[in-house]
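Trainee: I would like to go through this structure and ask what the labels rest on.
Mentor: Go ahead.

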Amino acid sequence: MQTGTPWDFRSSQELLMSGIYTDEGYLIEDADYHYLELMKKEIESAFSEFTTLQKKKCVTLENAHQVIANDESNDLRLYIMQKISAGTSFQRNYYNSAKSIIHHLCGNELAMQKRPGLSINLPGNNSDILPIHADTWNGVSPFELNIWIPFVDCSDSMCLYILKREKYQERLKTCQGLLNLTSDELFNELRNDLTWIPIKYGKILAFDQSLPHGYSLNVETSSHWSMNCRFKGLHTPYWDKKLGEYFMPITVKNCTRLGIKYKHPDQWV
Ligand SMILES: [Fe+2]
């Protein structure tokens, strides 16, 4: 990717990754498997606790729908999120599993979403649909990077869908009032332009949440499990989601720490 400025010192690898992310709206890379496995074990353990409490059979994540009723999927989701976000080890593993892609696209002095989100989409469960939206339409800063991690192999309707940047810009130009439609109307309007992103366990998806995205009804025979978590440069602007509440600083560099504490020696001036 040519940036046309002699002051752009990013490496060729970073420029290549950035070019794909900019053009497509997303990028898929290998996860650091060690940290990914640690997270998966924590999720499986919380899932097993939930099924034991409910006196249900213990099954794999893919087969969750065999024991979880459609109206229980949100309770399960909240139970697991509360378990894994109680300390900070899960969040540390999350960061480490995707560190390379985060550093390339976002930076290394970072703030991270305090409680990563979990999505469980059971086959045929209408309440697990995530209506089409862009996070920036609702007060989310465009400086954020969404790191989305599948915990099962995702194909067809199990995938996250996105409207790629070029299509989005084209439709914004040609369709007046697009953003005044209801989410169902918008989905139907854009349906043929959407891309469902197939991804297997072991990979990391980084996507631009300022582009329209969502989940349609899962019509496959496996349950979908994925997590999403936002990262942003620590010093970039915050909109509705504040530092210290929604975001926590995770890699504050020493010069920033010293700068925050700096007191000018006024008496010597
Ligand atoms: Fe979103």
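Trainee: In which sense do strand S3 and S10 pair, and over how many bridges?
Mentor: Strand S3 (residues 117-121) and S10 pair in the antiparallel sense, over five bridges. Two strands pair if DSSP finds at least two bridges between them, and strands themselves are DSSP runs of E, at least two residues long, numbered from the N terminus. Asparagine 121 stands opposite histidine 224 in S10. Before we go on, note that this is a predicted model, where local features need pLDDT of at least 70 and side-chain atom pairs count only at pLDDT 80 or more, while totals for chains, interfaces and linings use all residues. Residues are numbered from 1 along each chain as its sequence is written.

Trainee: How many bridges join strand S2 to S10, and how many join strand S5 to S10?
Mentor: Strand S2 (residues 110-113) is joined to S10 by three bridges and runs antiparallel to it. Strand S5 (residues 145-150) is also antiparallel to S10, with six bridges. Phenylalanine 231 in S10 is the bridge partner of methionine 112, and phenylalanine 231 is the bridge partner of leucine 145 as well.

Trainee: Why is strand S10 called largely enclosed?
Mentor: A residue is buried if 20 or more other C-beta atoms, placed from the backbone, lie within 10 Å of its own; with 12 or fewer it is exposed, and in between partly exposed. Eight of the ten residues of S10 (residues 224-233) are buried, so the rest of the structure largely encloses this strand.

Trainee: What makes tyrosine 95 count as buried?
Mentor: Tyrosine 95 has 21 C-beta neighbours inside 10 Å, so it counts as buried. Tyrosine 95 is found in helix H4 (residues 89-97); helices are DSSP runs of H or I with at least four residues. Leaving aside neighbours within four places in sequence, tyrosine 95 is in contact with Met112 and Ile250, where contact means C-beta atoms, placed from the backbone, within 7 Å.

Trainee: Which residues touch the most other members of the largest nonpolar core?
Mentor: They are Ile102, Ile147 and Ala206, in a core of 53 residues. Helix H2 (residues 33-53) gives the largest share of this core, five residues. A nonpolar core is a set of buried Ala, Val, Leu, Ile, Met, Phe, Trp, Tyr and Cys residues joined through C-beta atoms within 7 Å. Leaving aside neighbours within four places in sequence, isoleucine 147 has contacts that include Ile102, Ala206 and Phe231.

Note on methods: Contact = placed C-beta atoms within 7 Å.
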